[in-house]
Amino acid sequence: MSENQNSAEKRTLTDNIFGAEDNSAASIKKDSLGKYSNLAVKMFHTGVLSPKEMFYPALGEFAAKLVKGLSVYRTLYFVNVLKIDMTYVTVILTLISIYDMLNNPLMGAVYDRTRTRWGKARPYIVFSAFPYFLSTIVLYSGAMFLGDRAGDDPRKIIFIFVMLFIQETFSTIYSIPRDNLATLQTACPDDRIKVGLLKNYIGELGSQAIYAIFLPLMELNNKGYINVSLPTIFFILSSITGIIGCVSNIAMAIGCKERILLQPKPAPINKSIFYILKNKYALRNFIANFAVSWWSEGGYSWDVVTQQEIFGGSIPSMIAYMPYNVFDTLSITFIPKFQKIFKRNNRNAVIALRLWDLLCNVGMCIFGIPNVDKKWTMVGIYALFYGINGLNNGPANVFEAELSREINDYTEFVTGERPDGTFHILTDLITKVTSPLNALLTIKLFKWTGYDSTLDILPWAQGSKVIYQKVFFLFIGINIFPKIVKMIPYLFYDLTGEKREQMYIALNERRALMAKEDDINEELEQIITVLDDAQ
């Protein structure tokens, strides 16, 4: 076989693995798409979302962040409230993680094949929000009816496992469609940025609300100033979260339209599962995440320990977090400035802002660990570096969210499909392979600290500088390595400038072509009619 023949075969193999599908925007003949080029440019630059379509996803994010805020204290709830040994907790969470490995890909495949008159994501959000938030309420209410039975009581262990199983099931059914709703709403990046910005900031209010309520109540209760037990606190917070979650998500599903036209008949699972191989940007991120998927921070609520035992309680912690909370809100005003600095190059912005955050973490470790026994010095160090970290939050959230959407849009560009859910079959299956290593490291790191979780969470309760140095390292420093690894793929990201804009124009040309010729998306038809009239 000649050298030229070998070279041709290699090119064919490369094209088969990484090349475009026949019906994708990257491969359809330009004369078919060209008649819609002006319309495609308008779709790229014209916002279509109403104020309520921007607000409802933010309200849904608020509820999701309330649950996330509660989950920060989940291990503390299991260990300190239900009195379950950390080993049992780790085993339960590992089993749930293994179940998640099967559950996520299944839901992802079903989601990708969903086509209904009400849309692709909205039906799942409507019907899964209630069981998801109800299971959250029941999970965090367990201590109210399980009582003071021993921590190794099988009924407690079975209860936790069953409720986490139910919560995880409906979390998957709910979260995959919710996370992808914005990409189905609009083809305009500016629209998506506005939605993402509102989601980040209103969602952050949800997290901060949990932190602001939980920690002071826990401290006042531990010091005997009030008589509101931790089981009662968890019950009240989870109930409020559940009510807000059900109402906000149903409102979001009903009030938000899906306008992005998808392939009427999706590709078979055995084909679409490997579409990540055709997206070089997603593939690089997957490899980086897989490389650090075994990493662990010890599995305990080290932030709570730091705030209550090292900083000395809610008031010093409030001072430590105050600069961050102020700058986090103000950072929204820096977004236009950062867009101008980076000339709307999301790649360069993400790299620079991630390095910024990384240096803040390194600074906290270098100056904080040696001074862990000096309460107000620690408060000052944390306030300084975490405050500097908060200065870039607005721009960082915007750039990272849009960069992630660009990577997903590239899959649609080169394949003609949008298998956002099916990707989980490959990514979750392989990353969960390392979950036993993660569980083992979690147990070892918890033991390595020497931290005694049976003691009340009060200032300097452990009485050991070495223990608190390890605690602070697990809180701040241990994730520096995975952050570096996950940043590497963006050094090779080239979907910027004209290349990015041409990709979106081609995507919109294909959507217009499908809508005009197949007449299968009423929402997109309305957009095209309006833009045609304007044109």
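This is a predicted model: local features need pLDDT of at least 70, side-chain atom pairs count only at pLDDT 80 or more; totals for chains, interfaces and linings use all residues.
**Overall fold**

Let's start with the big picture. The protein chain has 25 helices and 0 strands. It runs to 535 residues, and 55% of them count as buried. If you look at contacts between residues at least 6 apart in sequence, 85% join residues at least 24 apart.

**A nonpolar patch on the surface**

Which residues form a nonpolar patch on the surface? They are Val91, Leu95, Ile98, Ile158, Phe161, Val162, Phe165 and Ile166, and together they have about 610 Å² of accessible area. Two helices, H6 (86-112) and H9 (154-185), each supply at least two residues of the patch. H9 gives the most, with 5 residues. Take isoleucine 158, which is found in helix H9. Isoleucine 158 counts as exposed because its relative accessibility is 51%, and the cut-off for exposed is over 50%.

**Two loop residues with positive phi**

Next, the backbone. Most residues other than glycine have a negative phi, which makes the next two worth a look. Lysine 83 is not a glycine, yet has a positive phi of about 65°. Lysine 83 sits in the loop between helix H5 (74-81) and H6. Tryptophan 460 is not a glycine either, and has a positive phi of about 55°. Tryptophan 460 belongs to the loop between helix H21 (435-449) and helix H22 (465-477).

Are these side chains buried or exposed? Lysine 83 is exposed, with a relative accessible area of 53%, while tryptophan 460 counts as partly exposed at 31% relative accessibility.

**Cysteines**

How many disulfides does the structure hold? The count is 0. Cysteine 188 counts as buried, given its 1% relative accessibility. Cysteine 365 counts as buried too, at 11% relative accessibility.

**Aromatic pairs**

The count of aromatic pairs comes to 37. Here are two of them:

| Pair | Distance of ring centres | Angle of planes | Type |
|---|---|---|---|
| Tyrosine 300 and tyrosine 451 | 5.6 Å | 45° | tilted |
| Phenylalanine 472 and phenylalanine 475 | 6.4 Å | 70° | edge-to-face |

The tyrosine pair links distant parts of the chain, as tyrosine 300 and tyrosine 451 are 151 residues apart. Tyrosine 300 is in the loop between helix H13 (280-291) and helix H14 (302-310), and tyrosine 451 is in the loop between H21 and H22. Both tyrosine 300 and tyrosine 451 are buried.

Why does the pair of phenylalanine 472 and phenylalanine 475 count as edge-to-face? Their planes stand at 70°, and the label applies because planes over 60 degrees apart count as edge-to-face. Phenylalanine 472 and phenylalanine 475 both lie in helix H22, 3 residues apart, which is about one turn of the helix. Phenylalanine 472 counts as buried, at 1% relative accessibility.

There is also a cluster to look for. Phe472 and Phe475 form one aromatic cluster with Phe311, Tyr321, Tyr324, Tyr382 and Tyr386.

Methods
Residues are numbered from 1 along each chain as its sequence is written. Side-chain values use heavy atoms; hydrogens and water are left out. Helices (H or I, at least four residues) and strands (E, at least two) are DSSP runs, numbered from the N terminus. Buried means under 20% relative accessible area, exposed over 50%, partly exposed in between (1.4 Å probe, protein chains only). Contact means heavy atoms within 4.5 Å. Patches are made of residues with over 30% relative accessible area and no salt bridge: like charges are joined within 9 Å, nonpolar side chains (Val, Leu, Ile, Met, Phe, Trp, Tyr) within 5 Å. Accessible areas come from the Shrake-Rupley method with a 1.4 Å probe; for residues, only the protein chains shown count as cover. A salt bridge is a side-chain nitrogen of Lys or Arg within 4 Å of a carboxyl oxygen of Asp or Glu. A disulfide is a pair of cysteine sulfur atoms within 2.5 Å. Rings of Phe, Tyr and Trp (its six-membered ring) pair if their centres lie within 6.5 Å; planes under 30 degrees apart count as stacked, over 60 as edge-to-face and the rest as tilted.
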